[in-house]
Amino acid sequence: MLSLHLLKPPIFAGARSTRAPANTAAPRACLSVDVRAADQSKPGVAVGSQEVMEAEGRVLVGTYKRPPVVLYSGKGCKLYDPEGREYLDLYSGIAVNALGHGDPDWIRAVTEQARTLTHVSNAYYSIPQVELAKRLVACSFADRVFFSNSGTEANEAAIKFARKFQRFSFPEKKEPATEFISFTNSFHGRTMGAIALTSKEHYRSPFEPVMPGVTFLEYGDIQAATKLIHSGKIAAVFLEPLQGEGGILSATKEFLQSLRGACDDSGSLLVFDEVQCGLGRTGYLWAHEAYGVFPDIMTLAKPLAGGLPIGAVLVTEKVAASIKYGEHGSTFAGGPLICNAALSVLNKISKTEFLSSVSNKGQYFKELLTKKLGKNPHVREVRGSGLIVGVELDVSASPLVDACRNLGLLIITAGKGNVLRLVPPLIISKQELEHAAEVLLECLPVLDGSN
């Protein structure tokens, strides 16, 4: 059994408080988990969790409803707060830390590049940017790459590229196609174009009017999608081959094939958003590879630089040919430091044995969760691919998330708040997955209002 160390809080000079918030239960030992004293060789932290949370409330814009946990350091699949409490990380910074925390190759790539060159802007050439683009092209359908700083920026670029492609490719049209199709349960980002493609109304409504011309269709509705694509008004179809925020929902091969065929017939572009499901998360390097259906544009972000901000838009030559100098750009995107970090991540994840391990561990985890949790009346389904796993409940998952956190397990929700989203670092061990399943099992009674 994996040990969960609830470490003794060190005494910090100058810290006003090291106590946990009064309304939050401290993590406790569960099952046969050890509770051991703090490693006194670890350096002390000069500020406590309560002090950090109080300061955050004074100086940051209140856009995040955070749980009462301050994360200070991490190693592998473990995270620690300033008081030394240890947490098992099954959310990976929302599917970002694919190599966990403190990967030695990633640290080496970052530190060596930081000593060499960090930033030059896109006014000049830089070697890591070109090398990363070469690697992405070599291991994907794409011919060219545009770099951004995040997933939502990548999707904004894809929107612009799709509209420019239509004008460039069909100059004879008096009114080129400018509209988009997106789908139910989709999430494509929070900037004004990407949010217009995001189906959840509560993300869009405070900022309306958002970009017009988006039609939301039922995810998987072949007939409705092909009919609208053939109208000639659609510049591009955006979708996630496996929806993360939407509830860990996978497309079918038939659905993706029908979209590909309809786009080919009409001249619309097919855009796969693999910001969350791409780069090894499903056990394939790219999620769409499982279906044998390939897009015109793919957007990437979350895990690509191992925790540093990056986005990427991978495109075919026909799309790239429509974009001219000055029509899009970014000051920070594709900087040497970020790209060198991303190269270390891509080189490790793209190895066949690494991807096989993700697939095997994911299947093992799903079977384990089905065995341990499947008989509970609140558990509707365990689903997913590789190490993006969802557990759908018939009630809100929030009490279970809170209970797991109090026992040292970090997870998040998806869907309508009734799906547990389990997206651990791809390096997680089977022992750690077993421990996570045991904690989930022990915490299930909270769904009935039990302690």
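## Two loop residues with positive phi

Asn-185 sits in the loop that runs between β5 (179-183) and α6 (192-196); helices (H or I, at least four residues) and strands (E, at least two) are DSSP runs counted from the N terminus. Its phi is near 65 degrees, a positive value in a residue other than glycine. Is Asn-185 buried, partly exposed or exposed? With a relative accessible area of 26%, Asn-185 is partly exposed, since buried means under 20%, exposed means over 50% and partly exposed is in between (1.4 Å probe, protein chains only).

Ser-121 is another one to look at: phi is positive, about 70 degrees, although Ser-121 is not a glycine. You'll find Ser-121 in the loop between α3 (104-116) and α4 (127-138). Ser-121 is partly exposed because its relative accessible area is 24%.

## What you're looking at

This is a predicted model, so local features need a pLDDT of at least 70 and side-chain atom pairs count only at pLDDT 80 or more, while totals for chains, interfaces and linings use all residues. Residues are numbered from 1 along each chain as its sequence is written, and side-chain values use heavy atoms, with hydrogens and water left out.

pLDDT (the predictor's confidence in each residue, from 0 to 100) averages 91 over the protein, and 90% of the residues score at least 70. Where does pLDDT stay under 50? That stretch is residues 1-43. For residues 1-43 the model has 93 contacts (heavy atoms within 4.5 Å) beyond four places in sequence.

Glu-208 and Pro-209 are joined by a cis peptide bond, with omega at about 5 degrees. Pro-209 belongs to the loop between α7 (201-204) and β6 (214-217).

β10 (269-273) is mostly covered, with 5 of its 5 residues buried. Leu-269, Val-271 and Asp-273 point one way from the strand, and Leu-270 and Phe-272 point the other way. Which strands does β10 run parallel to? One is β7 (residues 234-239), joined to β10 by 4 bridges, and another is β11, joined to β10 by 3 bridges. On the β11 side, Phe-272 stands opposite Met-298.

Leave β10 towards β11 (297-300) and the loop between them holds His-288. His-288 counts as buried because its relative accessibility is 1%. Not counting residues up to four places away in sequence, His-288 touches Phe-141, Pro-241, Phe-272, Glu-274, Val-293, Phe-294, Pro-295 and Met-298.

## A four-strand open sheet

Another set of 4 strands forms an open sheet in the order β1-β2-β3-β15, with mixed pairing; two strands pair if DSSP finds at least two bridges between them. β1 (73-75) and β15 (409-410) are the edge strands, each pairing on one side only. β15 pairs with β3 (residues 86-89) in the parallel sense, over 2 bridges. Across that pairing, Asp-89 stands opposite Leu-410 of β15.

## Pockets and cavities

Rolling a probe the size of a water molecule over the atoms shows where empty space is left. On a 1 Å grid over the protein atoms alone, a cavity is a set of points where a 1.4 Å probe fits but cannot get out, a pocket is an open set with protein on both sides within 12 Å along at least five of seven lines, and lining residues have an atom within 4 Å of a point. Points are joined across faces, edges and corners, and a volume is the space filled by probe spheres set on them.

The second largest pocket holds about 530 Å³ of space. Its lining has 14 residues, and Val-145, Phe-146, Ala-320, Ile-323 and Tyr-325 are the closest to its centre. β4 (144-148) and α10 (317-320) are the elements that give two or more residues to this lining, and β4 has the largest share, with 3 residues. By class, the pocket lining has 8 nonpolar, 2 polar and 4 charged residues. (Ala, Val, Leu, Ile, Met, Phe, Trp, Tyr, Cys and Pro are nonpolar, Asp, Glu, Lys and Arg charged, and the others, Gly among them, polar.)

How many cavities of 30 Å³ or more does the structure hold? There are 2. The second largest cavity has about 50 Å³ of space. Of its 13 lining residues, Val-120, Ser-121, Asn-122, Gly-334 and Gly-335 are the closest to the centre. This cavity lining divides into 5 nonpolar and 8 polar residues, with no charged ones.
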